[in-house]
Amino acid sequence: MSSAISNLFTSTLLLMLVYSVFIQVMKGAYDVERRHRQLLEAVSSLAGRNRRKLTERTEASAQVSEFGVSCEGAGEKLILSDLLGPIKASSLLGTVKKQLNRVKQKKAVELPLSKREAQRVTSVLAALTTFPSVHQGAYDVERRHRQLLEAVSSLAGRNRRKLTERTEASAQVSEFGVSCEGAGEKLILSDLLGPIKASSLLGTVKKQLNRVKQKKAVELPLSKREAQRVVREAAYDKTSKAITKWDQVVLQNRRAEQLVFPLKQEQLTVASIEERVTSWQARTPLEQEIFSLLHKTRQLTTDPLLTLQEEASLQAMSLEEAQQRRAELQKARALQSYYEAKARREKKIKSKKFHRVLQKNKRREALKEFEALKKSNPEAALLKLDEMEKARIKERMSLKHQNKGKWARSRAIMGKYDLEARRAMQEQLAKNKELTQKVCMELEGDKEVCVAEEGLLPDSLNEVQPSRNVANPWMLGKLSSETKDSGIQEDLKAPADLKEPESEGEEEPVLSEEEALLQDFEQRRWVRHCQKGSPEPQGASRDEELPESVSPSQAAGQINMEDEQKQEEPLLSEQLGRLCAMEEMDVLASEDWAEEQEPQQPARTEQQKPHQDTAVAEDRPRGSQTTRKTAKQKMIDLQAVLAGESCMIHCPTLPVAVQDEGGGTDQRLVIKEAFAADDVVADFLKEKNKVEQEGKSQTVDLLLPGWGEWSGTGLKPSAKKRKRFLIKQPPGPPRKDRHLPHVIISQKRNILAATHQVNELPFPFDSHHQFERSIQAPIGPMWNTQHAFQKLTAPHLITQPGHIIQPISNEDVASQSTTSTHKAKPAMELTPQQAKRLHQHPRKKVR
Amino acid sequence: MASTASPPSGTVVAAAYCVPRNYDPALHPFEVPREYVRALNATKLERVFAKPFLASLDGHRDGVNCMAKHPKSLSTVLSGACDGEVKIWNLTKRQCIRTIQAHEGFVRGMCARFCGTSFFTVGDDKTVKHWKMDGPGYGEEEEPIHTILGKTVYTGIDHHWKEAIFATCGHQVDIWDEQRTSPICSLTWGVDSISSVKFNPIETYLLGSCASDRNIVLYDMRQSTPLKKVILDMRTNTLCWNPMEAFIFTAANEDYNLYTFDMRFLETPVMVHMDHVSAVLDVDYSPTGKEFVSASFDKSIRIFPVDKGHSREVYHTKRMQHVISVKWSFDNKYILCGSDEMNIRLWKANASEKLGVLAPREKAAMNYNQKLKEKFQHHPQIKRIARHRHLPKAIYSQAKEQRIMREARRRKDLNRRKHSKPGSLPFVSEKKKHVVAVVK
């Protein structure tokens with residue numbers, strides 16, 4: 001019983017084992033099966049009929065069979081259980097099928113079994129065949145397989161060819177015959193590796209292949225034209241990128257204030273004398289002679305401590321001599337150090353008295369020496385004098401002994417109570433005076449000359465300073481405040497006034513020169529200030545004269561922005577005429593000015609006379625009847641017109657109701673009452689008249705009394721002279737509002753100047769202020785120091801005559817960047833911004 | 001200037017005579033009017049002294065077709081005539097120092113080697129000849145160092161700026177090694193006769209050429225490939241690279257204009273230079289790269305600033321015919337032009353410049369005047385005088401006619417735009433108008 005039970009147990013165990021193995025084996029089994037079929041086919045094909053049959057079958061049947069596995073369909077998949085379909089159902093294989101299905105649900109198919117396991121499976125299978133309930137089919141398969149193997153082995157060598165033949169026809173993928181025919185058929189590399197039995201090495205290859213499969217396929221090569229184009233494009237991109245490195249350099253050069261060509265400046269090197277000398281050779285007999293002479297004396301080209309001769313003499317010295325010399329030297333050195341120590345000690349002494357005494361001694365000694373020298377050696381004395389002069393100059397420059405130091409101030413405070421302090425101060429001042437006084441050699445001849453010079457100088461030079469010349473304060477000398485008023489009468493008085501400060505100067509010898517200068521400056525400033533503040537009638541007339549003579553500068557000032565046409569006009573105005581001389585240039589310049597003038601000319605001619613007359617009438621007592629008449633007529637005319645028009649004005653905006661009789665008069669009365677004091681019309685006329693008068697050109701009196709004739713109190717310059725120097729200005733253009741009685745048109749815009757004015761803002765400027773400033777900053781040497789002038793007028797381009805300018809190169813750029821700090825010329829240019837900065841102090845605005 | 005303390009002459013003496021000046025503006029009033037007058041006078045004097053013509057070199061027996069500058073000697077210039085004769089001139093003596101019968105037919109192009117020891121010529125006889133700059137010794141034959149026989153006519157030649165390489169053009173652009181008889185490489189893009197080829201003086205591997213099918217082609221010698229092609233309205237006769245700005249070149253066009261291009265942006269020229277009234281035949285940059293000179297079929301040469309659309313100067317003489325070639329000397333002082341009527345003319349680059357050594361004070365005055373002219377250049381009177389040029393009647397009337405035509409065209413354009421749907425006729429700038437296409 002127990003044995004039976006154990007037998008049953010073992011049999012069931014075995015079965016289970018077999019089944020469990022079977023699951024694993026299935027793939028192998030299938031493989032075996034497949035191989036078997038293949039072999040079968042191969043064998044049958046040997047007979048020649050089977051192949052055709054096979055293909056027919058796969059074509060006809062939709063059923064999947066293990067004989068012709070096709071992957072033609074798109075989504076078609078090989079399913080193992082389907083492969084088992086044809087194998088007729090046995091209970092054993094039924095379970096296998098089930099297992100397969102289960103396996104199918106799992107994803108990964110495991111690796112095929114190893115050889116050992118496969119053998120074990122086959123042995124198990126063999127065991128199964130012995131098992132009573134084993135299906136006949138399985139056994140059959142095994143048997144048939146064996147038979148086939150035998151058949152194949154008998155066929156021996158012809159097997160391969162058959163195989164290739166077959167793969168041509170079959171749709172099955174195999175590594176021996178790869179075909180890519182068929183519509184949607186794709187060659188998958190990993191499938192090619194399928195038949196190769198698993199080794200771990202190929203596994204990685206498979207993986208890589210899979211990865212590759214995900215990438216895109218390489219496209220078709222381009223046509224030649226296209227390819228060339230691509231190459232060109234790439235080359236162009238590369239080149240333009242490479243050439244962009246010049247951008248910075250080019251920009252820098254374009255913006256540079258100054259460029260110096262050639263770019264490669266030759267570096268000046270100083271060749272040493274030795275180099276020169278060694279390279280030089282005497283050629284001519286004269287040279288050779290000189291050379292030999294020089295060589296004989298052993299003249300040196302450089303200057304070492306000792307010459308050759310000296311060295312030689314030193315070498316030639318005997319021992320005693322050398323010792324003696326050494327002793328001398330030692331002594332000298334000791335003495336020197338001793339004196340040095342002494343000087344240092346003395347310098348350290350803090351006592352002021354000591355130093356004072358010391359200095360006094362020194363001075364005395366020096367004076368003595370000077371006296372002695374004067375007698376013995378006048379030249380040396382002169383040198384001494386020069387030294388003293390220098391000391392004086394130094395003293396004058398310094399603020400020493402001027403009672404301005406800390407000590408002096410303290411003395412000044414103490415001075416009230418302390419006699420000693422006062423004395424010290426006095427002493428110091430005396431000292432200052434003494435030092436600042438010019439040392440004069442008592443030479444009789446010189447003195448005489450001085451006197452003579454004083455005599456030669458005419459008094460008038462010192463005295464008569466026409467106060468109108470205040471524009472040049474240097475010519476004034478010391479002017480008292482009284483002379484500020486400019487006028488003839490004052491001028492005459494001037495000498496008397498001028499004498500005053502001089503006498504003052506005599507009275508105050510303490511007044512140092514700096515103070516005098518300062519005073520002078522202050523006075524001059526005051527003069528200028530006065531002139532600006534309250535211009536005298538004559539000054540006013542000059543001022544008014546200005547605008548006309550300043551016309552070009554007005555041209556600078558007035559910029560008309562109306563024209564917005566910014567078309568680039570040609571740089572040259574090309575004409576048929578040829579101009580050769582300055583006069584013709586003048587004509588050219590005045591040409592269009594004349595054009596502008598022409599239309600106004602007739603108007604002016606008819607207007608000229610009355611204008612002139614009125615102008616004259618101002619100065620002269622009104623003598624001529626005609627002038628008065630015209631003036632009067634004009635006035636009357638204006639008034640009449642104004643009166644007439646004021647009556648006729650109808651204001652449509654006013655409500656009509658107001659215009660009825662009673663109300664109207666009432667209101668008019670009210671208004672009249674309200675504006676009783678305002679005579680608007682008369683005011684306007686007055687105003688207009690004033691404007692007209694102002695606009696008229698005025699006469700200028702350039703008379704200088706005493707110029708070429710006697711002058712003084714009670715003497716009046718002759719009428720002839722007065723007439724000659726009374727300069728009438730040419731009448732300006734006629735007023736625009738001369739026919740418009742109720743309008744004042746401002747005449748500030750000077751037509752005569754307009755032709756010289758810039759009427760369009762030039763390119764680099766942002767606003768007319770900028771432009772004006774750039775024009776107003778003068779660049780000439782009259783207004784700028786030499787250095788500034790050179791900087792302001794530095795040319796943009798400097799070339800050296802006779803030097804070849806090579807194209808820019810990489811080396812140039814490199815050298816430029818390194819030496820840019822040295823080479824970069826400051827080149828102050830009048831860019832608007834700079835001009836703004838440069839021109840800080842207010843200047844007369846030119847309108 | 002005159003009113004300053006005036007020393008006799010020279011800086012040393014000036015220092016001795018130096019007088020301290022007071023720069024108080026109150027003492028020197030009317031600075032603007034005074035400077036204005038000075039500027040006006042300076043401008044007038046500039047015009048009075050504008051005598052640019054220096055010399056005429058005659059000796060050729062046919063029109064001067066091409067010229068070459070000597071790279072190392074300022075006084076030497078080479079010229080080739082339409083009868084195949086090449087002459088070497090000495091400019092200081094103003095005479096011909098050597099004559100070679102180089103080719104049969106035209107001398108189409110010539111260039112000097114960068115070292116100045118030899119030069120190359122190409123002619124209608126399909127040959128490239130390499131000559132020594134120095135003449136043959138006594139008893140020796142006048143013979144070229146090398147002669148290369150080609151299959152087609154060469155129309156232009158240019159030498160590399162640093163290496164022993166030169167480029168010819170004809171049916172294609174060939175790049176030659178001096179030692180070899182066959183080109184190193186041939187660059188083609190389409191088939192057409194190329195009229196001129198020029199090496200870039202800065203990035204020396206770059207070449208520019210212009211062909212008769214209206215295009216300008218750029219090449220890269222290193223990569224031996226063309227780079228880009230720009231097609232203009234009309235044919236470009238020649239081009240010239242800017243010697244200071246590597247990517248800028250100017251093309252002389254048949255449509256009377258010159259176009260300055262940045263080689264990186266060929267779609268639009270940087271500047272269109274217009275003033276000539278006939279085809280522009282040659283162009284050459286000043287060595288400073290700030291200006292260039294152009295020779296035209298209208299019997300005049302003009303000087304253009306690189307950044308201006310119009311010329312600053314026009315040179316002509318009664319006898320000068322169609323100007324075929326023009327060169328700007330390497331010292332930035334002179335201009336040479338060779339024309340149809342067998343003469344080479346020497347001009348000053350700056351018409352009113354005083355030649356020769358200037359005293360320091362003279363130089364200072366010149367600089368001051370120059371700055372004054374610049375400062376007041378916008379003032380109408382000064383501008384007018386500075387701009388005034390005499391022109392021969394033919395050019396004058398032509399220019400006038402063209403102005404009228406241009407105005408009419410502009411008006412028509414305006415009218416057309418006015419009467420069409422807004423936006424349908426876009427405004428095309430003058431720069432873009434002349435570029436037909438850019439081919440990659």
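Okay, so before anything else: a residue is called buried when its relative accessible area is under 20%, exposed when it is over 50%, and partly exposed in between, using a 1.4 Å probe and counting protein chains only. What you're looking at is a predicted model, where local features need pLDDT of at least 70, side-chain atom pairs count only at pLDDT 80 or more, and totals for chains, interfaces and linings use all residues. Residues are numbered from 1 along each chain as its sequence is written, chains are lettered from A and ligands numbered from 1 in the order in which they are written, and side-chain values use heavy atoms, with hydrogens and water left out.

Let's start with a helix. Helices here are DSSP runs of H or I with at least four residues, strands are runs of E with at least two, and both are numbered from the N terminus. Which residues of helix 11 of chain A are buried? In that helix, residues 247–255, they're A:V249, A:V250 and A:N253. They sit on the same side of helix 11 of chain A, because they cover an arc of only 95° around the axis, taking directions from the helix axis to the C-beta atoms. In general, an α-helix has 3.6 residues a turn, so residues three or four places apart point the same way. On the face turned away from the buried side of helix 11 of chain A, you'll find the exposed residues A:Q248 and A:R255.

Now over to chain B. It has 6 helices and 30 strands, and 55% of its 440 residues count as buried. As for confidence, pLDDT is the predictor's score for each residue, from 0 to 100. Chain B has a mean pLDDT of 92, with 96% of its residues at 70 or more. Be careful with residues 1–10 of chain B, though: pLDDT stays under 50 there. For the complex, the predictor gives an ipTM of 0.91 and a pTM of 0.54.

On to sheets. Two strands pair if DSSP finds at least two bridges between them. In chain B, 4 strands make an open, antiparallel sheet in the order 1-28-27-26. Its edge strands are strand 1 (53–58) and strand 26 (323–328) of chain B, each pairing on one side only. Strand 1 of chain B pairs with strand 28 (residues 343–348) of chain B over 5 bridges, in the antiparallel sense. So what is the bridge partner of B:L57 in strand 28 of chain B? That's B:I344.

Another open sheet of 4 strands in chain B runs 6-7-8-9, also with antiparallel pairing. Here strand 6 (107–112) and strand 9 (146–149) of chain B are the edges. Strand 8 (residues 127–132) of chain B pairs with strand 9 of chain B over 4 bridges, and B:T127 stands opposite B:L149 in strand 9.

Conventions
Contact = heavy atoms within 4.5 Å.
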